[in-house]
Amino acid sequence: YATLAEVAGGIAILVSLIYVGYQVRQSNRFATAENMRFITDSSVFDPFDFATIARGMNDFNGLGLEEQGEFHRYMFKLLNHYNVIVETRKIGLVTQSTLDNWTAGVATVIVTNGGEQWWLGGGKSLIGMEERRSALEDYILKKKDEITPFNKTFQWMDIQ
């Protein structure tokens, strides 16, 4: 009976471990799904004045102080959102393709005339760690000829 009890106990432990592994995997899938929902549900344009953002992409330095503040808040939100995506990728809760798409998307805003003015005027300090900032700048440098500025892709945003 002792041997039978040990075998039964071993099987019970094995079944418990398999069940815990299943629960952990389910939990990770749920967390990944929640992160993807966060990414798709949150618009970086809300609650900003769209026309100011469009003019800021054209010429940040030509904006008045209030409009520069509005554009700065938009860029701050965009970069914070990007930082969240980078961090959640590090722990495996978003896919690499999602991060790549966001890197490309952020780059399209930074390479606009106004985005570059904002970035070089100090905005790049908001990106977080130097490593992340360098990775984004390297991406832009490598793909500069391939990146279409956001306000040129959506020409109705190319306003003065």
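What is the relative accessible area of E87?

Modeller: The relative accessible area of E87 is 35%, so E87 is partly exposed. Buried means under 20% relative accessible area, exposed over 50%, and partly exposed in between, with a 1.4 Å probe and protein chains only.

The model is predicted: local features need pLDDT of at least 70, side-chain atom pairs count only at pLDDT 80 or more, and totals for chains, interfaces and linings use all residues. Residues are numbered from 1 along each chain as its sequence is written, and side-chain values use heavy atoms, with hydrogens and water left out.

Now the partner. E87 and R132 meet through their side chains in a salt bridge, at 2.2 Å from N to O. E87 lies in helix α3 and R132 in helix α6, so this pair ties together parts 45 residues apart in sequence. Helices here are DSSP runs (H or I, at least four residues), numbered from the N terminus. A salt bridge is a side-chain nitrogen of Lys or Arg within 4 Å of a carboxyl oxygen of Asp or Glu. R132 has 8% relative accessibility, so R132 counts as buried. K90 joins in as well: E87, K90 and R132 are linked in a network of salt bridges. By the 4 Å rule, the count comes to 5 salt bridges.

Helix α6 takes part in another pair. K124 forms a salt bridge with E137, and the closest N and O atoms are 3.5 Å apart. K124 sits in the loop between α5 and α6, and E137 in helix α6, so this pair ties together parts 13 residues apart in sequence. K124 counts as partly exposed, at 29% relative accessibility. E137 is partly exposed too, with 25%.

Helix α3 also holds a pair of its own. E70 and R73 form a salt bridge, with 2.8 Å between the closest N and O atoms. They are 3 residues apart in α3, which means about one helical turn separates them. E70 counts as buried, at 15%. R73 is partly exposed, at 42%.

Next, α5 (residues 113-120). Its buried residues are G114, G115, W118 and W119. They cover an arc of only 135° around the axis, which puts them on the same side of α5. The arc is that of the directions from the helix axis to the C-beta atoms. What covers these buried residues includes α2 (50-58), α3 (65-90), α4 and α6 (130-143). After α5 comes G122, whose phi is positive, near 125°.

Helix α2 holds M57. M57 is buried, with a relative accessible area of 0%. Leaving aside neighbours within four places in sequence, the contacts of M57 (heavy atoms within 4.5 Å) include G114 and G115, along with F71, Y74 and V109. M57 and W118 are 61 residues apart in sequence, and their C-alpha atoms are 9.0 Å apart in space.

Last, α4. Its buried residues include L99, W102, V106 and V109.

Note on methods
Helices (H or I, at least four residues) and strands (E, at least two) are DSSP runs, numbered from the N terminus.
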